[in-house]
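Open the model in your viewer and keep the selection panel at hand. The stops below are given in the order in which to select them.

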Amino acid sequence: MVLGAVPAEYYLVLSAAVFCVGIFGILTRENALIFLMSVELMLNAANINLIAFAFYWGNLTGQVFGLFVMALAAAEVAIGIGIILVLYRNFDSVDVTEATTLKW
Amino acid sequence: MAGVFAYAPAIAALPFVSFVVALLAGKYMPKKGALAGIIATAGSLGLSIAVLVTVFLGETYNETLYTFVGGDVPFELTFGLLLDPLSAAMLVIVSLIAFLVHVFSLGYMNDEGETGLPRYYASLGLFTASMLAFVFSDNLLMAFMFFELVGLCSYLLIGFWFRRAGPPSAAKKAFLVTRFGDYFFLVGVVGVLTTFGTAQFAGENGFPALAETVLNPETTADAVNTFGFEPATWFAILGLLVLGGVMGKSAQFPFHTWLPDAMEGPTPVSALIHAATMVAAGVFLVARMYGFYALLPTVLAVIAFVGGFTALFAATMGVVKNEIKQVLAYSTISQYGYIMLALGTGGYVAAFFHLTTHAVFKALLFLGAGSVIIAMHHNENMWDMGGLKDHMRVTYLAFLSGSLALAGIFPFSGFWSKDEVLYEALVHGLGGSPLLLGAYAMGLAAVFLTGFYTIRMVLLTFHGEARSDTAEDPHGVRWNVKFPLAVLGILAAVIGFLNPLPIKKLTGLEVDFLHQFLDSGPEALLTSSHHYSGLTHDYAGYSVGTIGGGEIVTLLAGAGASLGLALLGAGLAFALYRGAEPTRHTEKLGGLQTLLMHNYYQDEYQVWLAEGLTLRLSGAADTFDQGVIDGVVNGVSSVSLFSGDRLRRLQTGIVTNYAALIVLSLLVLLGVFAALGGWF
């Protein structure tokens with residue numbers, strides 16, 4: 001039980017840190033691809049939480065949820081890349097601050 | 001014979017067909033639609049006579065034919081036919097006059113080379129159709145609809161010569177003034193429907209019968225919705241509202257101002273409007289729902305006084321007019337005043353009798369005037385005429401017959417009917433309703449003036465020396481003018497013998513045919529004249545009183561007074577205007593003449609009412625609407641416009657900003673939860 005030696009708070013702090021890195025990426029970057037990566041980071045932060053709690057409670061449901069989130073992330077990336085491709089075709093860049101033609 | 005009732009709707013449908021034909025195909029037809037109109041009105045006349053004969057033989061008809069709003073509603077709205085003695089007789093009068101007017105129009109319009117004839121004959125057809133449908137209506141709403149159509153057609157016809165300045169303005173005036181009255185009528189129709197749940201004229205379920213059961217103290221009737229008023233008060237309000245429409249259409253004071261202006265229309269149209277359709281519609285409506293009015297003494301008194309006053313008031317203006325059609329216009333107003341007087345004093349038969357004789361002699365006088373106007377190349381000033389009797393024999397004799405009837409000279413028709421009107425006013429005035437004597441006095445005074453202006457008109461037009469070149473050598477008229485004049489001229493002389501009441505009273509012979517006819521018909525319809533006289537006696541307190549030695553003395557005194565006054569007026573006119581070159585005596589009246597020529601400044605004060613008062617009021621209302629009501633609405637919208645303009649700046653279109661907002665909100669939410677949850 002190597003994992004058992006590590007207290008749960010550590011996992012939560014790690015998860016929060018990864019989540020904040022994702023948020024930071026979204027709030028500061030302008031490249032849509034970085035956005036996508038940041039979203040992945042946030043999803044994985046959630047995964048860490050799910051698995052850590054599943055381990056601590058000895059309940060496999062959390063791990064199953066983790067698998068679901070990974071599948072979801074894969075689908076999300078596929079759609080996200082598609083959107084980014086279209087964005088590039090229309091604006092000749094993947095800068096999200098330029099795609100503002102739908103505002104008032 | 002009752003099978004003729006199945007064809008009765010065709011009485012109105014035939015002229016309607018002629019309207020469609022003249023409108024669509026009139027310009028390709030040889031007489032531009034006149035023939036269609038003549039055939040249609042002749043057909044209506046034939047059918048009307050058949051209906052009259054059937055009704056005379058004792059059959060009547062009161063059926064609903066079509067329900068246009070029915071089912072689960074508080075009251076049904078229907079079309080139906082009511083053919084009783086009153087409507088059958090009126091149908092014959094209307095279709096006869098309409099037929100003769102169509103024939104006369106051949107001479108007045110076609111032979112004079114007028115343009116727009118299809119439009120003329122189409123309007124004439126629709127006019128006749130709507131009046132006939134109005135006459136046989138079995139309920140108030142249907143009557144109202146056709147009443148309005150009659151008004152519309154008079155607008156179209158008065159404004160027929162729309163390229164000149166006068167006619168369109170006269171048409172507009174006629175339309176607006178009658179519409180003002182009809183506004184009250186409409187409210188009255190709605191009131192009758194909501195009060196009684198029905199607008200049927202006749203029968204046990206008709207609204208007059210329901211009103212009677214409510215007012216009758218001996219019966220315990222189902223309560224009707226009187227909106228919190230005493231039933232008698234509420235019924236009087238309803239009666240007065242409907243009377244508004246009547247006074248507008250029948251040109252009673254103060255709504256008479258449209259009628260003299262309506263002379264701008266073609267003369268045959270004036271004949272139709274004055275004799276049988278438009279103006280007659282008003283008084284016919286009162287006669288039609290007389291079972292309702294007979295219950296309301298206040299309304300009857302109002303009718304009597306309006307009638308008496310109008311009779312006198314209009315007659316004074318007729319005295320000074322110089323145009324032949326103007327004199328006739330004021331005489332029409334005055335004569336309809338008599339009819340109203342008769343209705344108000346309980347003389348139901350007398351009123352209808354005078355309506356009949358007036359229809360004949362006024363149509364005759366207008367057609368005669370039309371003939372004179374053709375001869376004078378459309379100059380209507382009587383001072384340019386004179387001496388025409390030698391040039392136009394038929395017109396002169398017919399016109400004379402009509403004039404003597406109008407003046408009320410024995411034994412022409414007007415004498416019998418006017419005498420009966422005044423007799424009814426006199427006996428009911430003496431018999432316990434002394435107020436009516438005031439109306440009677442006004443009616444009697446008008447007899448003198450009528451005699452005066454009628455004879456003045458005849459003398460100026462036909463006698464003396466020709467006073468202009470056209471009068472020296474007048475334009476001839478053809479058979480299509482002479483034929484209607486001859487028919488009506490003979491009728492005007494003899495139709496009084498339909499109902500010579502004095503002869504009956506003096507000799508005991510049963511010659512009061514109109515009385516007997518209007519008294520016939522099944523009891524169930526509740527439209528017979530003895531039913532009405534019972535109602536006026538029981539509810540309005542009218543009873544017969546006499547002077548001195550009884551009925552005969554009263555009759556002779558009344559007849560003597562009216563005939564004497566008529567002869568006095570006629571004699572005065574004869575003394576003043578005979579001779580080759582009559583002088584303009586009315587100019588000696590000075591200020592009075594000016595007042596009369598300006599029609600008592602009625603037009604001026606009505607224009608002031610419209611422009612000085614109503615326009616200002618509506619201007620103030622407009623200001624209030626624009627400023628206050630619209631101001632509030634505009635204020636609300638500008639607040640949201642302004643805030644929306646500011647708030648939309650939130651939408652930058654940059655994803656990062658939205659994400660930042662979401663995160664910030666989340667943090668704020670967390671902070672709030674933390675503070676409320678006591679985490680710190």
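Start with D182(B), which is buried at a relative accessible area of 2%. The model is a predicted one. With D182(B) selected, show the side chain of K249(B): the two form a salt bridge, and their closest N and O atoms are 3.1 Å apart. The pair links distant parts of the chain, since D182(B) sits in helix 6 of chain B and K249(B) in helix 8 (residues 231-249) of chain B, 67 residues apart. Both partners, D182(B) and K249(B), are buried.

R179(B) counts as partly exposed, with a relative accessibility of 23%, while D182(B) is buried.

E148(B), R179(B), D182(B) and K249(B) are linked in a network of salt bridges.

Next, go to K173(B) and D261(B). They form a salt bridge with the closest N and O atoms 3.1 Å apart. K173(B) lies in helix 6 (residues 166-196) of chain B and D261(B) in helix 9 (residues 258-261) of chain B, so the pair ties together parts that are 88 residues apart in sequence. D261(B) is partly exposed, at a relative accessible area of 27%. Over all chains, the structure holds eight salt bridges.

The phi of A251(B) is near 55°, a positive value in a residue other than glycine. A251(B) is buried, with a relative accessible area of 0%.

P254(B) lies in the loop between helix 8 and helix 9 of chain B too. Select F253(B) together with P254(B) and look at the peptide bond from F253(B) to P254(B): this bond is cis, with omega near 0°.

For the last stop, switch to chain A and select D92(A), in the segment after helix 3 (61-91) of chain A. Is D92(A) buried or exposed? D92(A) is exposed, with a relative accessible area of 62%. Its backbone also deserves a look: phi of D92(A) is near 60°, a positive value in a residue other than glycine.

Key
Residues are numbered from 1 along each chain as its sequence is written. Chains are lettered from A and ligands numbered from 1 in the order in which they are written. This is a predicted model: local features need pLDDT of at least 70, side-chain atom pairs count only at pLDDT 80 or more; totals for chains, interfaces and linings use all residues. Side-chain values use heavy atoms; hydrogens and water are left out. A salt bridge is a side-chain nitrogen of Lys or Arg within 4 Å of a carboxyl oxygen of Asp or Glu. Helices (H or I, at least four residues) and strands (E, at least two) are DSSP runs, numbered from the N terminus. Buried means under 20% relative accessible area, exposed over 50%, partly exposed in between (1.4 Å probe, protein chains only).
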